[in-house]
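Trainee: I'd like to learn how to read a structure like this one. Could you walk me through it?

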Amino acid sequence: VHPPLEPHPSRALTMDGTMPSQRAQARFWDQQFADPEAGGDQEWLIGFEGLRAVLDTLGLFAKQPWLVVGCGTSRFSEQLHDCDRERPICNVDISRVAIARKRQEHEGRPSMEWLAGDCTELPKLLGGREFEVVFDKSLLDTLLFRNGSDKAAALLEGYLRSVQTVLAQPNGVFCIVSPRSWLPQLRRSCWQVEQHSVIPSDGVLRQPGGALGTQPVYVYCCRWYNQIQQPLAVSYTHLTLPTKRIVEISGGAGALKKRNI
């Protein structure tokens, strides 16, 4: 079981015990990103260089276009772009302040796009476009802090369905980076899920505003499974390796092959 994380201020409950509205969340992040000293320019969890090896092993650098959801003001997208300046990268975040800042910073990079919008409305925001890679570093984790109510479950399900709609078939990959070693929520979607653990180069897992201690970061690689359009009846099997873990999902069509990547 993953150790509990101290909630970031954006994830705190209101006085009546409910979660802030999407509009309130957007206002919080606008304020956060407007003040670099508040952590707006810090990297969540792990930077591009810390993920480079596992993303290369997964074959994601060969795919395009990319959609980076919950991009914030992370340098991940610009460093990804530096690897291939022709690769189209669309970046989405709920904060208009963050998007405006990054759009201005990278106006000389025509293959990079910056859009402010809701992660549960990606098809509408993106005009029906599809992406071979949808990359999520901490967005799903943020939504998980809203668990505990029907509204929260609907929000998470809406996000996953939104990703499914814009993820290209049959070769699209949904890549999630999280501090959580267990994401059973993914079983509601038609993925084959592979999991890797990565230790940040300095051994410290970070959030803006502080360190969470020496812990691995988990990279989930979700691929379409036979283009099944309904949730799988799933069971999880863990195979612990020296530096990585594989999560196997099996469904009505039979057990999936474990992939040692």
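Predicted model: local features only at pLDDT ≥ 70, side-chain atom pairs only at ≥ 80, totals over all residues.

Trainee: How many bridges join strand 2 to strand 3?

Mentor: Two strands pair if DSSP finds at least two bridges between them. Strands (E, at least two residues) and helices (H or I, at least four) are DSSP runs, numbered from the N terminus. Here, strand 2 (residues 89–93) and strand 3 (residues 112–116) run parallel, joined by five bridges.

Trainee: And which unit do strand 2, helix 4 and strand 3 make?

Mentor: To judge handedness, look with the strands pointing away from you: a crossover is right-handed if the path from the first strand over the helix to the second runs clockwise. Strand 2, helix 4 (residues 96–105) and strand 3 form a β-α-β unit of the right-handed kind.

Trainee: Next, cores. Which residues have the most contacts inside the largest nonpolar core?

Mentor: Buried means under 20% relative accessible area, exposed over 50%, and partly exposed in between (1.4 Å probe, protein chains only). A nonpolar core is a set of buried Ala, Val, Leu, Ile, Met, Phe, Trp, Tyr and Cys residues joined through side-chain atoms within 4.5 Å. The largest one here has 32 residues, and Leu67, Leu126, Val134, Tyr159, Phe174 and Leu186 have the most contacts inside it. Several elements supply at least two residues each, including strand 1 (66–69), helix 5 (122–126) and helix 7 (150–166). Helix 7 gives the largest share of this core, six residues.

Trainee: What is Leu126 in contact with?

Mentor: Contact means heavy atoms within 4.5 Å. Leaving aside neighbours within four places in sequence, Leu126 is in contact with Leu67, Cys90, Val92, Leu115, Phe131 and Val166.

Trainee: Is His81 buried or exposed?

Mentor: His81 is buried, since its relative accessible area is 2%. You'll find His81 in helix 3 (residues 76–83), which has six of its eight residues buried. Those six are Phe76, Ser77, Glu78, Gln79, Leu80 and His81. They pack against several elements, among them helix 2 (48–57), strand 1 and strand 4 (133–137).

Trainee: How many aromatic pairs does a search of the whole structure find?

Mentor: Rings of Phe, Tyr and Trp (its six-membered ring) pair if their centres lie within 6.5 Å; planes under 30 degrees apart count as stacked, over 60 as edge-to-face and the rest as tilted. The search finds eight such pairs. In one of them, the rings of Trp66 and Phe76 have their centres 6.2 Å apart and their planes at 40 degrees, so the pair is tilted. Trp66 sits in strand 1 and Phe76 in helix 3, so this pair ties together parts that are ten residues apart in sequence. Trp191 and Trp224 make another tilted pair, at 5.3 Å centre to centre and 45 degrees between the planes. That one links strand 6 to strand 9, 33 residues apart.

Trainee: In which sense do strand 6 and strand 9 pair?

Mentor: Antiparallel, over eight bridges. His196, for instance, has Val219 in strand 9 as its bridge partner.

Technical notes:
Residues numbered from 1 in each chain as written. Heavy atoms only, no water.
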